[in-house]
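Visitor: I have a model open and want to learn how to read it. Where do we start?

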Amino acid sequence: MAVTLDQTIAQKQHTLLSRVFASQTFWVVIAVILACLFLSVATDSFATTKNLYNITRNVTFVAIVALGMTFVIITGGIDLSVGSVLCLSSMVLAVTMHAGYGIEIGIAASIATALTIGAFNGVLIAYLGFPPFVVTLGMLSIARSLAMVASNNTVVFQFGPDHDKLLALGGGAWVFGIANPVLYTILLALITGFTLRWTKFGRHIFAIGGNEHAATLTGVPVRQIKVAVYMISALAAGIAGIIQTGWLGAVTTNLGAGMELQVIAATVIGGANLAGGMGTAFGAVVGAALIEVIRNSLGLLGINAFWQGTFIGGAILLAVLFDRIRNFRRND
Amino acid sequence: MAVLELTNISKHFGAIQAVNDVSLSIEAGQVVGLMGDNGAGKSTLVKMIAGNFPPSHGTMQMDGKDLVLHKPVEARQHGIEIVHQDLALCNNLTAAANVYLGRELRRGVGPFRILDYAAMYKRAGQIFAELKSETRPRDLVKQMSGGQRQAVAIARTMLSQAKIVLMDEPTAAISVRQVAEVLNLIRHLRDQGIAVVLISHRMPDVFDVADRVIVMRRGRKVADKTIASSSPEEVTGLITGAIEQV
């Protein structure tokens, strides 16, 4: 029987299964599961409620920031300022509440700070044509310095009248004994995933990362969207900062130092492409999970903590290696 | 009546006179080949029609009404569609996503509106079938041949009721078989009553598909005649300047 044009056009080239197998995220999930199974057998302390509670909670801070970073990376940009923005947001929250204001005002001030910084980054990048790397590198320095100014470089651990509310917000477990930060992460991941897949905004983000010139020519509001993604990234860092403040119960000016690299590592391990045009919410969370499992397992297996960087770096290279191998095959 | 009418259009950038006193009219259902050497003013002329920048002098009229464009989006609202030389495609998106880029279909109520994947796949598939192109709406543009990529770019112009389609070098850098495909796509647009302006360096393509040829040299229109009354030799002479004007 001859194949008609209509049949060719209607044909789906990829089944759901083949798409799953072709995604880097899928293999990272497999790696996480295998690592967990191995650790459950090899150590007594891994599969305990307490350890799992710790792991899931530790994943969340990197994961939340990585969700915001995913937007930026899909457009082909980068945000190096997230660690410092996290610190500054925490500090604004802490200082405001320490001065006697309620938790609502503290959170509002903290979020407003994060959004302002994101908008500043975005405007410089989108309207004035600064390279994202340079702008956010500058902000990395500025935001941490402002956090030191705000607190006079002291540790803040008393949060005024709403002290207990803040600690419950970050350190509690309101539903089924799942740590609150985990719930926030799941919620934010769902929102991110929905936005990327089902909204016009999400579609345009991918278009900008794929071919910015084409996006401009077809009428996509490229500049506004770029400002928005840097604001989202800063907002995610701000939210993570607020939650982390509640969890730690104290803020120091070195909070989130070096975090930007962990966050970028998580998104890349999860399948985002630094050249732009690729990335998922699920990938960012899974990438963060793999990093945390590696860190946790090294401790449990009694391996010297100095090896951590080697293993995490290896995981980054391995994840991208898989991607390269698939591309080689496709090009043949 | 002419779909698009340009009267005494000029454009200068500082001291450089890119387009000098050009008048022309384009009819519905007609393919016009716009030819000329590099720097002859073809692209500048097309960019004015596309709304990239306004003319320094002269007026444009569409269906007898004055046409003033400030942005490319406005040109599109008036039914002027452009197929860019580089096609303006995103490799990381599907064919359907590229067709609908910048005017995605959504469903839902008020602010809660989500992308309507099913409708976009369906309509894109219909357009590809109309264009007789073997292009699957769900495939990534990354994996497509030159001819299929052209089909995706041309499919964009068929989403709305376009009156005039400007194509910038659509047959440059693709294979012989794909050139034939693209020329068929152009005929298909013409048969639907759309006016097509084909900017090309390739003499055989213009003589194959166009009804009229306009030649530009150094910012001026030096010829505007039917294909039947011209010849490739004459057009070559006009482009190079061996023949001054006809």
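Visitor: What pLDDT does chain B average?

Guide: This is a predicted model, so begin with confidence. Where pLDDT is low, the predicted coordinates should not be read in detail. Chain B averages 89, and 100% of its residues score at least 70. Among the elements of chain B, helix α2 (residues 72–77) has the lowest mean, 85. Helix α3 (residues 95–99) of chain B has the highest, 95.

Visitor: What ipTM does the predictor give the complex?

Guide: The ipTM is 0.85, alongside a pTM of 0.88.

Visitor: Which feature does UniProt place at residues 4–243 of chain B?

Guide: An unreviewed UniProt entry lists "domain: ABC transporter" there. That stretch of chain B is 32% helix and 30% strand. Its end C-alpha atoms are 28 Å apart.

Visitor: How many residues of chain B are in contact with chain A?

Guide: Contact here takes C-beta atoms within 7 Å. By that test, 25 residues of chain B touch 25 of chain A. On the chain B side, α2, β8 (112–115) and α4 (117–130) each give two or more residues. The largest share, three residues, comes from α4(B). By class, that side has 12 nonpolar, six polar and seven charged residues.

Visitor: Which residues have the most contacts inside the largest nonpolar core?

Guide: Val65(A), Ile164(B) and Leu198(B), in a core of 167 residues. Helix α12 (residues 222–248) of chain A supplies the largest share, 14 residues. Domain 1 (1–79 + 163–246) and domain 2 (87–160) of chain B each give at least three.

Visitor: What is Ile164(B) in contact with?

Guide: Leave aside neighbours within four places in sequence. Its partners then include Val3(B), Leu4(B), Ile26(B) and Gly79(B). Ile80(B), Ile194(B), Ala195(B) and Val197(B) are also in contact with Ile164(B).

Technical notes: Residues numbered from 1 in each chain as written. Chains lettered and ligands numbered in written order. Predicted model: local features only at pLDDT ≥ 70, side-chain atom pairs only at ≥ 80, totals over all residues. pLDDT = per-residue confidence, 0-100. Helix = DSSP H or I, 4+ residues; strand = E, 2+ residues; numbered from the N terminus. UniProt positions renumbered as here; feature names shortened; annotations may be inferred. Core = buried A, V, L, I, M, F, W, Y, C linked by C-beta atoms within 7 Å. Buried ≥ 20, exposed ≤ 12 C-beta atoms within 10 Å, placed from the backbone. Domains from an automatic or database assignment. Contact = placed C-beta atoms within 7 Å. Nonpolar A, V, L, I, M, F, W, Y, C, P; charged D, E, K, R; others polar.
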